[in-house]
Amino acid sequence: MGGQKKTAQLIDSNGLRVDGRRIDELRPIKLEVGILDKADGSAYIEHGKNKILAAVYGPREAHPKHIALADRAVVRCRYHMAPFSTEERKSPAPSRRELELSKVIRESLEPSIMSEYFPRATIDIFIEVLQADAGTRCAGITSAALALADAGIPMKELVAGCAAGKIEGKVVLDLSDIEDKQGEADLPVALMARSNVVSLLQMDGSLTLDEFNQAFEMATEACRKIYEMQREALKTKYHIVRDVEEKNEIVEAKA
Amino acid sequence: MHAEKKQLVAPGELLAEGPYFAGENTYRDGSKIYSARIGLADVIGNKLIVVPIKGAYIPRIDDIVIGRITDIGMSGWQVDICAPYPAMLPQSETPMQHGRDMGRRDLGHLFGVGDLVLAQVIAFDRTRDPLLTTKGRGLGKVTSGRVARISPAKIPRIIGKQGSMITMLKNETHTDIVPGQNGVVLAIGKNPDQERIAVEALYMIEREAHTSGLTDRVRAMILEEMKGK
Amino acid sequence: MSATRQLSPVAKLEQKTVVDLILKGKRIDDRGANDYRPTTITLGIIDKANGSAQVHLGKTKVVAGVKVEKGTPFPDTPDDGILTVNSEFVPLASPTFESGPPDENSIELARVVDRGIRESKAIDLKKLCIESGKKVFMVFVDIYVLDHDGNLIDAAAMAALGALVNAKMHDFDVKNGELRLKDAIIPLPLQNYPVSITSTKIDSTTVIDPCLEEEQVMTCRLTVTTDKDDNICALQKGGLGVFTPDEIKQIVSTSIGKARDIRAKILASVK
């Protein structure tokens with residue numbers, strides 16, 4: 001509501017940021033799996049003020065037929081922001097930014113998807129940003145990976161995303177919107193934690209080699225933390241206790 | 001082995017290291033075997049598998065499926081079997097042989113668009129769509145009953161160990177229950193109330209598939225519903 | 001160009017189950033003919049929007065956001081603010097929704113919801129004038145369908161109204177043609193609360209708030225939007241079937257009463 005005024009100081013004399021965080025602190029993250037009825041898999045993430053819904057349909061028949069690949073599934077990804085998701089209303093038509101992000105997000109998830117299981121089919125990933133506050137592509141990746149797992153799509157492992165950056169000359173973790181707009185660099189990263197490989201890396205701004213190494217380390221470490229949260233969210237959703245033959249425990253399954 | 005039998009595992013979780021085989025829904029990376037899907041880990045001999053909790057129906061040869069006719073072609077029908085691939089039922093795979101080629105209109109009289117058929121998968125591989133047959137006992141057009149659409153991963157639970165669950169359902173609801181491996185299940189009874197109760201029981205099993213004492217609780221629900229019907 | 005839609009992705013036998021139940025006076029989810037599915041309305045879920053609301057109508061889920069921005073008035077209404085209603089049937093909401101610009105169903109929904117708000121004069125557009133003929137406030141209502149289990153129009157209209165009721169803007173005045181935003185936060189200048197009630201005809205029976213299975217077998221539907229004084233401010237018939245005049249009169253009369261219940265529920269959600 002209203003326009004954003006330029007903030008005088010992003011890091012105060014105590015080393016705290018505008019939202020009270022330390023330089024290396026993540027914004028609060030909340031994850032929920034399987035919240036949509038029609039989609040094959042879905043997940044909802046709140047990462048700071050970001051509110052993002054990810055859903056997966058697939059594997060399903062390829063439409064139109066000619067896009068199908070003979071030896072594996074076509075993975076499609078659509079990153080889209082709701083008109084009311086940003087400070088100023090955004091036109092619902094896809095922007096060039098959304099098209100670019102759709103591509104890099106797909107390329108961050110596809111290495112993990114075992115698409116060779118489903119030749120001639122498609123796996124469709126939809127990411128809808130309901131509220132944006134910087135770091136949406138990373139949060140989108142985190143929730144999309146959960147949605148893929150929720151859909152029962154075979155994957156090598158989960159993928160988690162987080163960004164680091166530079167504000168007022170200092171390398172910080174997980175930029176918020178005001179820090180992204182007024183800062184000097186933004187470095188989004190997506191990591192496959194188990195095999196320790198990076199599937200998304202972008203940079204916007206200016207960093208020295210030292211600053212880059214610092215930021216990169218911060219971001220990848222955060223991705224590992226987020227991966228643990230993803231695992232927790234999946235286990236909470238599918239909480240299952242031992243089979244009846246082994247122990248006669250009364251069980252509650254949250255299906 | 002790292003994961004315990006029946007442990008819930010997520011994609012990328014380490015199941016075991018060493019002299020094991022990577023079975024269904026697992027994969028090997030070097031000397032380690034990991035889960036590829038969310039499900040329950042299990043080991044058969046020295047083969048590790050993950051029993052999935054959810055997932056699309058991928059046809060296997062000999063599967064009995066219930067599908068919906070979506071199109072009539074020159075020599076057969078296209079069938080939606082809730083798989084990522086449309087299935088084909090050729091005229092030659094139906095028991096009615098007229099000794100001549102049936103035109104499209106005649107094919108439409110046998111199975112029309114929107115009809116449900118009980119069929120068997122006779123061919124399927126990576127390079128072509130599944131092929132069906134209705135030559136076989138009990139196969140053919142479905143003319144009555146109520147349909148439940150269940151996640152295919154839960155069909156084994158609907159059937160139960162040695163058919164224990166499905167036998168209980170049939171006896172208590174007085175309906176015939178025909179489960180398709182593709183997740184479509186028919187409940188055919190003498191009255192719609194029995195069919196409705198059977199379908200409710202099926203959805204209850206789907207929701208609570210991994211709980212203990214399920215058979216008893218479903219039976220109790222059915223008996224409660226059947227009172228006064 | 002509008003074209004007949006594809007055949008229903010539901011088997012004839014499944015359609016028959018729904019219709020047979022309706023003929024017996026029952027519904028597939030055990031509701032009464034005039035019962036709405038369990039409905040939850042949550043306001044203010046998107047902080048960055050001026051107003052927002054989330055509606056769960058059975059398994060149908062819709063979110064609406066309101067944004068208020070400055071703009072130029074239309075030449076023929078120089079003193080009126082501008083209302084725009086837009087709807088997105090995003091592909092994650094249903095296997096039948098495709099990516100791309102709004103299709104005819106999405107556009108119809110947006111225009112029906114728009115008519116309800118506009119014709120009931122829900123927003124006093126004159127109060128959104130900054131400088132006659134030059135500057136006004138524009139109210140954007142963006143409807144986002146998240147999960148399609150039937151009756152998107154009513155869910156969308158509820159969400160739109162909820163978002164409008166929830167919306168806040170800076171108080172303002174105009175000095176020498178210059179807009180001055182004050183610190184005080186005020187609600188939108190609302191003076192009416194339109195509610196839409198959709199009925200569907202299955203065989204010759206009418207039921208309210210169709211779930212997806214019922215929409216797939218219906219012959220036609222009628223949406224009736226009424227305001228707080230029980231005036232009808234919008235009507236929309238949809239589908240390939242037809243209504244008799246008596247059916248229409250019956251539906252309109254039932255809808256007025258139902259709308260009162262829904263209106264009360266939405267206004268009760270205001271914190």
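Okay, quick housekeeping. Residues count from 1 along each chain as its sequence is written, and chains are lettered from A, with ligands numbered from 1, in the order in which they are written. Since the model is predicted, local features need pLDDT of at least 70 and side-chain atom pairs pLDDT 80 or more, while totals for chains, interfaces and linings use all residues; side-chain values use heavy atoms, leaving out hydrogens and water.

Let's start with B:D63. You'll find it in the loop between strand 7 (47-52) and strand 8 (64-72) of chain B; strands here are DSSP E runs of at least two residues, numbered from the N terminus. Is B:D63 buried or exposed? It's buried, at a relative accessible area of 8%; buried means under 20%, with a 1.4 Å probe and protein chains only. Its side chain makes a polar contact with that of B:Y57, at 2.7 Å. That term means N or O atoms within 3.5 Å, one able to donate a hydrogen and the other to accept it, and sequence neighbours count only if both atoms are side-chain atoms.

Now over to strand 9 of chain C, residues 195-202. Eight of its eight residues are buried, so the rest of the structure largely encloses it. C:V195 and C:I197 are among the buried residues on one side, C:S196 and C:T198 among those on the other.

Who are its partners? Strand 11 (residues 220-226) pairs with it antiparallel over seven bridges; pairing takes at least two DSSP bridges. There, C:S196 sits opposite C:T225. Strand 10 (residues 205-208) is also an antiparallel partner, over four bridges, with C:K201 facing C:T206.

Technical notes: Buried means under 20% relative accessible area, exposed over 50%, partly exposed in between (1.4 Å probe, protein chains only).
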